[in-house]
Amino acid sequence: MYKLEMHLHTIHNSHCGQVEPVDIAREYADAGYNGIVVTNHFNRTDLFGYVAQQYGSRLNVMRDYMRDYYELKDECAKYGIDVFFGLEAAPDFCTYYKYSPPYGEILVYGITPEELLEYGYDILNFNKTELYDWAEKHGCLLVVAHPYRKICTELDYRYVHGIEISNLHPHQDSKNHKAEKVCDMLGLIPTGGSDYHFEGGARGGILLKRAPESEKDLVSILKGRDYEVIKEKWARRLTRQT
Ligand SMILES: [Zn+2]
Ligand SMILES: [Zn+2]
């Protein structure tokens with residue numbers, strides 16, 4: 001079994017992330033993970049209000065947004081853990097930082113660092129159909145993150161591929177059961193992840209039969225639905241402490 005984290009934030013590239021890549025690598029090694037998909041918040045407010053300030057300039061914000069990803073890749077290599085790139089995107093059409101709904105975040109799998117440099121600004125500007133068309137064209141998968149959290153409004157499921165049915169952030173009520181029901185009903189692709197922000201948070205993800213070779217290969221595994229989602233009942237590590 002290949003244990004893969006699908007939802008993780010780092011300290012310098014998400015305003016809410018609290019852990020350095022070096023410490024994340026150690027924790028995931030201890031927790032028996034084989035891979036991690038880094039999914040830092042990708043919205044205008046985080047990018048220009050947080051990431052740019054970390055590094056003192058907004059000129060290279062797309063590159064700067066990926067600094068922790070590269071650092072985590074190096075740190076995880078020491079333990080034989082693979083690191084893949086991804087986003088937790090809130091383009092302008094669904095960002096929380098505006099006056100009216102929709103409000104939501106979309107995990108983007110399959111995107112490569114090179115594609116982010118090329119299309120990062122487009123992704124911020126896309127509306128729901130443009131984002132979906134772009135994802136289809138580039139072999140990416142759009143998965144609505146924790147759609148039934150209080151802060152979120154329902155996004156248009158016609159323009160996504162999947163739903164995160166098991167978000168194991170310990171301090172958020174993600175209403176995973178509702179997400180799973182809706183995902184089943186619509187026949188969308190289910191995923192799960194820790195929504196890792198702080199130490200001790202590594203508990204979720206998916207279990208695969210083989211290692212993904214790349215971001216695009218991960219998408220084909222997800223589309224083939226040949227994996228299991230880690231749900232609450234298996235995630236004992238942190239519940240014991242709370
Ligand atoms: Zn966050
Ligand atoms: Zn998140």
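**Strand pairing and core**

Author: Ile36 stands opposite Val83 in S4. Strands here are DSSP runs (E) of at least two residues, and helices are runs (H or I) of at least four, numbered from the N terminus. This is a predicted model, in which local features need pLDDT of at least 70, side-chain atom pairs count only at pLDDT 80 or more, and totals for chains, interfaces and linings use all residues. Residues are numbered from 1 along each chain as its sequence is written, while chains are lettered from A and ligands numbered from 1 in the order in which they are written.

Reader: How many bridges join S2 to S4, and are they parallel or antiparallel?

Author: Strand S2 (residues 35-38) and S4 run parallel and are joined by four bridges. Two strands count as paired if DSSP finds at least two bridges between them.

Reader: Which sense does S4 take with S5?

Author: S4 pairs with strand S5 (residues 106-109) in the antiparallel sense, over four bridges. Within that pairing, Gly86 has Tyr109 in S5 as its bridge partner. Strand S3 (residues 41-42) also runs parallel to S4, with two bridges, and His41 stands opposite Glu88 in S4.

Reader: Is S4 enclosed, and why, or is it open?

Author: S4 is largely enclosed by the rest of the structure, because seven of its eight residues are buried. Buried means that 20 or more other C-beta atoms, placed from the backbone, lie within 10 Å of the residue's own; exposed means 12 or fewer, and partly exposed lies in between.

Reader: Which residues touch the most other members of the largest nonpolar core?

Author: That core has 58 residues, and those touching the most other members include Ile36, Ile106, Val108 and Tyr109. Its largest share, five residues, comes from S4 (residues 82-89). A nonpolar core is a set of buried Ala, Val, Leu, Ile, Met, Phe, Trp, Tyr and Cys residues joined through C-beta atoms within 7 Å.

Reader: Changing topic, where does H5 bend?

Author: Helix H5 (residues 113-125) bends by about 65° at Tyr119, the bend being the angle between axes fitted to the seven residues ending there and the seven starting there.

Reader: And what is the mean pLDDT of the chain?

Author: The mean pLDDT is 95, and 96% of residues reach 70 or more; pLDDT is the predictor's confidence in each residue, from 0 to 100. Over residues 238-242, however, pLDDT stays under 50. Where pLDDT is low, the predicted coordinates should not be read in detail.

Technical notes. Contact = placed C-beta atoms within 7 Å.
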